[in-house]
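Hello,

Here is the structure I said I would pass on. My notes on it follow below.

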Amino acid sequence: MSYQIRRAAVIGSGTMGSGIAALLAGVGIPVLLLDVPAPGTQPGDPPEARNAIVRRSLEALGKSRPAQLFAPEDADLIIPGNVDDDLARLAEADWIIEAIVERLEAKQELMARIAAVRRPEAIVSTNTSGLSINAIAAGQDAGFRRCFLGTHFFNPPRYMQLLEIIPGVETDPALVAFMAAFGRDVLGKGVVIGRDTPNFIANRVLNIVGAFTVAYAVEHGFTVGEIDALTGPLIGRPKTATFRLLDLVGIDVLAHVSRNLYEAIPDDPAREVLVDAGLTRVLDRLVAEGWLGGKTDQGFYRKVFVDGERQFWELNLQTFEYAPPVSVRFESVGKHRKIEDTGARIRALIAEEDRAGRFLWALHAFYLAYAARMVGVIADDLPSLDRAARWGFGHELGPFEIWDAIGVAESVPRMEADGYAVPDWVKEMLAGGGATFYRRDGRGIVTGVYDPVAKGYRDLNPDRQVVVIADLKAAGRVVEENAGASLIDMGDGALLVEFHTKANAFDADILAMLQRGLARLENDFDALVIGNQGQHFSLGANIMLIAMMAQAGQWDELDRVIREGQAIMEALRHAPKPVVTAPFGMALGAGAEVTMACTACVAHAELYIGLVEFGLGLIAAWTGTKEMLRRVINPVMRTPGADVLPHLQQVFEQIALAKVSESAKQARTMGFLGPADRIVMHRDQHLAEAKRMALALAPGYRPSPPGKVWAAGRDALAALRLAVWQMAQGGYASEHDAKVAGKLAYVLTGGDLSAPGWVDERVILDLEREAFLSLAGEPKTQERLWYMLQHNKPLRN
């Protein structure tokens, strides 16, 4: 049987169901979203009344922050309904997803109703986070069970990368392969295949290891702040660490899951940690007090306001009183925290004998040994467990990647001496000459992974849809480099410019390497890609340098830097061969400007792009202001009789309010992406797709010549100035905001033009440069620059 997904249906409009519907709508798939009819309504009542539950969910979806919809118009693809009046419409769906309450009987009853109306080839899945897939489908015929499986999304579905696919005993293998490809290539998820065991892969390990962490903290007198300081970025995990994460999940949810998981895994010796006396005492007290975490503003942390400033006070795990946070210091952390490589940092920390070192050793010994015991139980292979940790919880390294980094042979004797049982297959690997779980070639590139069943290594073939910069560097593909950027041969005639400054902030090194990339493009390569694999594409220019030049009055030098930046952006746009940017995450200020400066763009779906200089008392001056006119105003004004003012106001407000897109889709409506620019869902496929697009543009490529932009002139300038005055009079803008906005309006309208018309791009470039220099000389702008550097947040003065 062949499978396809053109239409979908989601049953259950709660947080997960509506989030899954939003994700599907975001990739262009129409979704029928069903829930129970609204209480107090009867068949025959207006649909608006009957579907009130789903409608409220959709309203909440539109207001949620962070946004669950990629763009507001995605909501138009979500059709509300209810399971009594609209169940027959499931026959239109290629994929039916159940996301109702976590009760087996309720899910079984719903499956019987779905079976009665679905098409024979329709895919049916459950989003259960831990109930048995086979049990949910029990009682249905063989045809249903062949088309049924678990698709466990993580919350929120748009943002969390992991998708666990759990086949039933009779699930069609072709369906499993199809859904894995669909999840990866269409939804952009990192897919792992799990076994039908309680809580599947990621949640099974997280709950057991999380319980161990809390129990250890209680037994050994660690504070909440100490544990979170040790289990966050220090060891390659998110800032939520342990207790902040538990507050986010919900203390009541944690207690409920722990009880259920304990009963569900009688053959797992590690389950006893779930009922540890110290852990149970803490959870029971918090639930009894109603201190349930983020939803009650009080759990392991309590949100308080002191002199108008928000603080998070920490729970004392012994007295259950809250106290202000205190600075956490450990000798071992101070000694090793600056080790750049996460694996090497963990290796150094667990070798220490202070309280932090002993805790981190115990945590990792328990975690790694437990993960090893789960191979063949909850997942078939090692990479699935590693990927579940990385994709499901944002860890930099999975358990077997950590174990390789700290040394398998060195750590196993210590683990066993300390009572952490290591499974036989690990010792068999060592005895057979295998020193690591992942096999690497002489360049350090992973080529294979140990298979405990085969008792040897199996090859890991490279995915042609994925480009890994670290692997390119290991393979000797660096063409040129400096401290801030590198030129890397991607193969097939494509050259990559990679930024690697702190926050990928633009500095002289990045500008120099962009120039070198253009020079190399002339004769040595067919296309240029600008991208990287950092946390964000670029947070903008190095404002420390701007602040220092402004404070020192180095105006000629600042003028030179602005001119140089403009020249490079223009050279990228008019290069003789295609230049493609690959932005993702935050692309702010100069990051947005370089995105707009190129031939084309391949953006990751999670793109947060904006010209944010206004918050610093400046405006974009590396072609960004000019580009917004070219991209938003020019197309409108090519139509005779068009009214420029509404579109000019859009551009003015975007820049003056420092608006940042909430997605790549929204970036397109704001003008940062053009209609032909691509949006990629899967982060790992991003650079490969940018390379593909760049090379596809290369044959017969003709660069665009410099053009003109529409300058709206004096009347439009007067209208914008009036709006600024009204904002200032109403108290919505400070005096300095008004000054910056006035400069922005002057640039956007082309200066003191008596009549609107087309002007050379250089006119706007000169105006934005002059405005930047003038504003940089303002004391209040300099105050904003230094405040941002010192406090990492904007100052309104």
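Of the 90 residues in the largest nonpolar core, the ones touching the most other members are Phe-506, Ile-530 and Leu-572. A nonpolar core here is a set of buried Ala, Val, Leu, Ile, Met, Phe, Trp, Tyr and Cys residues joined through side-chain atoms within 4.5 Å. Buried means under 20% relative accessible area, exposed over 50%, and partly exposed in between (1.4 Å probe, protein chains only). Helix α31 (residues 761-776) gives the most to this core, with seven residues. Helices (H or I, at least four residues) and strands (E, at least two) are DSSP runs, numbered from the N terminus.

Leaving out residues up to four places away in sequence, Ile-530 touches a list of residues including Leu-496, Phe-499, Phe-537, Leu-572 and Val-594; contact means heavy atoms within 4.5 Å. Another core, of 89 residues, lies apart from the largest one, and Val-224, Ile-350, Phe-400 and Phe-437 are among its members.

This is a predicted model, in which local features need pLDDT of at least 70 and side-chain atom pairs count only at pLDDT 80 or more, while totals for chains, interfaces and linings use all residues. Residues are numbered from 1 along each chain as its sequence is written, and side-chain values use heavy atoms, with hydrogens and water left out.

Next, a sheet. Three strands form an open, antiparallel sheet in the order β9-β10-β11; two strands pair if DSSP finds at least two bridges between them. β9 (301-306) and β11 (322-323) are the edge strands with a single partner each, so one side of each has no neighbour in the sheet. Six antiparallel bridges join β9 to β10 (residues 309-315), and Lys-303 has Phe-312 in β10 as its bridge partner.

The structure holds 25 aromatic pairs. Rings of Phe, Tyr and Trp (its six-membered ring) pair if their centres lie within 6.5 Å; planes under 30 degrees apart count as stacked, over 60 as edge-to-face and the rest as tilted. Phe-400 and Trp-425 are a tilted pair, because their ring centres are 6.2 Å apart and their planes at 50 degrees. Phe-400 lies in helix α17 (residues 399-406) and Trp-425 in helix α19 (residues 424-431), so the pair ties together parts 25 residues apart in sequence. Phe-400 is buried at 0% relative accessibility, and Trp-425 is buried at 11%.

Tyr-450 and Tyr-457 pair edge-to-face, 5.5 Å centre to centre with 80 degrees between the planes. Tyr-450 is buried at 6%, whereas Tyr-457 is partly exposed at 30%.

Regards
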